[in-house]
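Subject: Structure handover

Dear colleague,

Here is the structure I said I would pass on. My notes on what turned up in it follow below.

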Amino acid sequence: MRAVVTSSRAMDMDRAAALYERAMFTNDPEALEQADRELDAAEADMSLARGRVMHVRYLWTRKEDPRELELFTRAVELYRSLGDLRGEAEALFWVGTAHQVVYGDRETSLPYFERSYELATRTNDKLTLSYAARHLGFIEQAAGRIDAARARFEESVR
């Protein structure tokens with residue numbers, strides 16, 4: 001489902017190539033800035049996608065790959081620089097997931113899930129909101145706050 005959303009950037013490389021030509025042959029500095037934004041958007045999407053693939057590989061093998069967290073962190077940086085709050089929310093969720101699931105560090109994951117939840121709410125990204133609520137529920141459950149956990153899990157399902 002998400003692939004449909006992010007695949008809209010598949011044309012970024014073509015647009016970046018056209019902008020390169022515009023800059024090269026018309027001396028248009030704005031074209032270079034636009035090309036950088038197009039390439040940053042494509043890199044953010046690629047970093048997020050590759051990190052998710054690595055996460056599945058981790059789930060299958062239980063072998064950590066430090067590049068997973070690096071890729072998710074890079075995606076956060078790029079989406080933030082682009083002002084893409086929806087993308088930033090999703091990438092923050094995955095940073096939190098790497099800390100929580102791969103490294104077993106609920107404390108470090110918490111602010112990533114909270115910020116992801118906040119941005120997903122602001123951008124009406126129901127899928128990321130559901131994921132963030134669920135993982136916040138896991139943190140509540142681990143802390144023994146069963147009612148709060150249940151509320152988060154119910155929210156996730158809604």
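Rings of Phe, Tyr and Trp (for Trp, the six-membered ring) are taken as a pair if their centres lie within 6.5 Å. Please keep in mind that this is a predicted model.

Aromatic pairs

Five aromatic pairs come out of a search of the whole structure. Phe93 and Trp94 are an edge-to-face pair because their planes stand at 80 degrees, with the ring centres 5.1 Å apart. Phe93 and Trp94 are both buried. Phe93 also pairs with Phe113, and here the arrangement is tilted, with 5.7 Å from centre to centre and 45 degrees between the planes. This second pair connects distant parts of the chain, as Phe93 belongs to helix H5 (residues 85-102) and Phe113 to helix H6 (residues 106-123), 20 residues apart. The relative accessible area of Phe93 is 2%, and that of Phe113 is 0%, so Phe113 counts as buried. Through ring pairs, Phe72, Phe93, Trp94, Phe113 and Tyr131 are joined into a cluster.

Nonpolar core

The largest nonpolar core is made up of 20 residues, and Leu48, Phe72, Tyr79 and Ala91 have the most contacts inside it. At least two residues of this core come from each of helix H3 (29-61), helix H4 (67-82), H5, H6 and helix H7 (126-142). H5 gives the largest share, with seven residues. As background, nonpolar side chains in soluble globular proteins tend to be buried together.

Salt bridges

The count of salt bridges comes to 14. Three of them are described here, starting with a buried one.

Arg86 and Glu90 form a salt bridge in which the closest N and O atoms are 2.9 Å apart. These two residues are four apart in helix H5, so about one helical turn separates them. Arg86 has 18% relative accessibility and falls under the 20% limit, so it counts as buried. Glu90 is buried as well, at 4%. Arg86 and Glu90 are also part of a network of salt bridges that includes Arg52 and Asp125.

In helix H4, Arg74 and Glu77 are three residues apart, which means about one helical turn between them. Their side chains meet in a salt bridge at 3.6 Å, N to O. Arg74 is partly exposed at 31% relative accessibility, and Glu77 is partly exposed at 43%.

Glu155 is partly exposed, with a relative accessible area of 21%, and Arg152 is partly exposed, with 23%. Arg152 has another contact to look at: it lies over the face of Tyr117, 4.9 Å from the ring centre.

Surface

Which residues form a nonpolar patch on the surface? They are Tyr20, Met24 and Phe25, which together have about 380 Å² of accessible area. Of these, Tyr20 is placed in helix H2 (residues 12-26). Tyr20 is partly exposed, with a relative accessible area of 45%.

Best regards

Notes:
Residues are numbered from 1 along each chain as its sequence is written. This is a predicted model: local features need pLDDT of at least 70, side-chain atom pairs count only at pLDDT 80 or more; totals for chains, interfaces and linings use all residues. Side-chain values use heavy atoms; hydrogens and water are left out. Patches are made of residues with over 30% relative accessible area and no salt bridge: like charges are joined within 9 Å, nonpolar side chains (Val, Leu, Ile, Met, Phe, Trp, Tyr) within 5 Å. Accessible areas come from the Shrake-Rupley method with a 1.4 Å probe; for residues, only the protein chains shown count as cover. A salt bridge is a side-chain nitrogen of Lys or Arg within 4 Å of a carboxyl oxygen of Asp or Glu. Buried means under 20% relative accessible area, exposed over 50%, partly exposed in between (1.4 Å probe, protein chains only). Rings of Phe, Tyr and Trp (its six-membered ring) pair if their centres lie within 6.5 Å; planes under 30 degrees apart count as stacked, over 60 as edge-to-face and the rest as tilted. A charge sits over a ring if NZ of Lys or CZ of Arg is within 6 Å of the ring centre and within 35 degrees of the ring normal. A nonpolar core is a set of buried Ala, Val, Leu, Ile, Met, Phe, Trp, Tyr and Cys residues joined through side-chain atoms within 4.5 Å.
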